[in-house]
Amino acid sequence: MRRDGSLQREAVLNAKTYSRRDERRILDVLGRGLLKDFPNPERIGCPGVEVLKKIASHEMPLSEAEKWLDHLGSCSPCYADFKRLQEAHDSRRRRMLLATAAGILLVATVAGWALLRSRNDNLATQTAILDLRNRSVARGTETNPDEQPLELNRVTKKVKILLPLGSSEGPYDVRIVTLSGEELARSNGTARLSEHITSLEVMLPLNSLRSGKYLVQLRKPQLSWGSYSLVLQ
């Protein structure tokens, strides 16, 4: 009932842990015929399920498993148990890998969504619109007391200004001044007409200014300033 174990020992000499190459050698030595060619109904000398499970799941070093290789090579029931346990171990490992991959993908998706939302929120706070289309324009530092002040957040960097109805295209100067007329920030840009709306986009960083009441002023070059009440938040 025993078979020569020299090939089995040669496959595991000097090996400390399993590898795919070691495993292929062991399976080649045992051969498919072991499933039926070496019956052992009385299970004489069998190592037991726990030992086979450790060998199949790679929990036992080859240096310890070597003494059972001769038996596995000459006992069809043990080899059948070994193969079944090995397939179960491989199945569990594949499920774990799939679960890990799915978890990584989920984390990456959530992180990407949070980053995109943060970026969009940041862009939203850095870009603002000032709608002047239905507002009356005042000269100098005087403004219309009956109109609510315009509002801007201090993190704003880019401002899109919807100019009063009838405004022409072309270059404009824009600045922020105190209520007494002291200039604090200035920019310029070119107004464009689109869908009956003349709009102007300027870069106007406001983070250096304090929260409070100001004036936003616009003009065509060389002309007088038009003023609008502004509150920086």
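Modeller: Before we start, two strands pair if DSSP finds at least two bridges between them; strands (E, at least two residues) and helices (H or I, at least four) are DSSP runs, numbered from the N terminus. Keep in mind that this is a predicted model, where local features need pLDDT of at least 70 and side-chain atom pairs count only at pLDDT 80 or more, while totals for chains, interfaces and linings use all residues. Residues are numbered from 1 along each chain as its sequence is written, and side-chain values use heavy atoms, with hydrogens and water left out.

Colleague: Fine, let's get the overview. How many helices and strands are in the protein chain?

Modeller: The chain has 233 residues, and 35% of them count as buried (buried is under 20% relative accessible area, exposed over 50%, partly exposed in between, with a 1.4 Å probe and protein chains only). As for elements, the count is six helices and nine strands.

Colleague: Of contacts between residues at least 6 apart in sequence, what share joins residues at least 24 apart?

Modeller: A contact here means heavy atoms within 4.5 Å. Take the contacts between residues at least 6 apart, and the share joining residues at least 24 apart is 69%.

Colleague: On to β5. Which strands does it pair with?

Modeller: Strand β5 covers residues 170-177, and seven of its eight residues are buried. With β8 (residues 212-219) there are five antiparallel bridges, and D173 sits opposite R219 there. With residues 183-194 there are eight bridges, also antiparallel. So the partners, going by the two-bridge rule, are β8 and β6.

Colleague: In the hairpin of β5 and β6, which residue takes a positive phi?

Modeller: Across this pair, R175 has R186 as its bridge partner, and I176 faces A185. Five residues lie between the two strands, and the one with a positive phi, near 100°, is G181.

Colleague: And in the turn of the β6 and β7 hairpin, what is the phi of E195?

Modeller: These two strands pair antiparallel over three bridges, with S194 standing opposite I197. Two residues separate the strands, and E195 in the turn has a positive phi of about 55°.

Colleague: Which residues have the most contacts inside the largest nonpolar core?

Modeller: A nonpolar core is a set of buried Ala, Val, Leu, Ile, Met, Phe, Trp, Tyr and Cys residues joined through side-chain atoms within 4.5 Å. The largest has 24 residues, and the ones with the most contacts inside it are I161, I176, L200, V216 and L218.

Colleague: Which strands each supply at least two residues of this core, and how many residues has the other core?

Modeller: The suppliers are β1 (127-131), β3 (150-152), β4 (158-162), β5, β6, β7, β8 and β9 (226-232). Apart from this core lies another, with L52, M60, L69 and C78 among its members, and its residue count is 13.

Colleague: Speaking of L52, within what arc do the buried residues of α4 fall?

Modeller: In α4, residues 49-56, the buried ones are V51, L52, I55 and A56. Going by the directions from the helix axis to the C-beta atoms, they line one face of the helix because they fall within an arc of 130°.

Colleague: Which residue with a positive phi follows α4?

Modeller: The phi in question is near 65°, and the residue is H58.

Colleague: Last one, on the cysteines. How many disulfides are there?

Modeller: A disulfide is a pair of cysteine sulfur atoms within 2.5 Å. C46, partly exposed at 23% relative accessibility, has its closest cysteine sulfur in C78 at 3.3 Å, so that is too far for a bond. C75, buried at 0%, has its closest cysteine sulfur in C78 as well, at 3.6 Å, again too far. The number of disulfides is zero.
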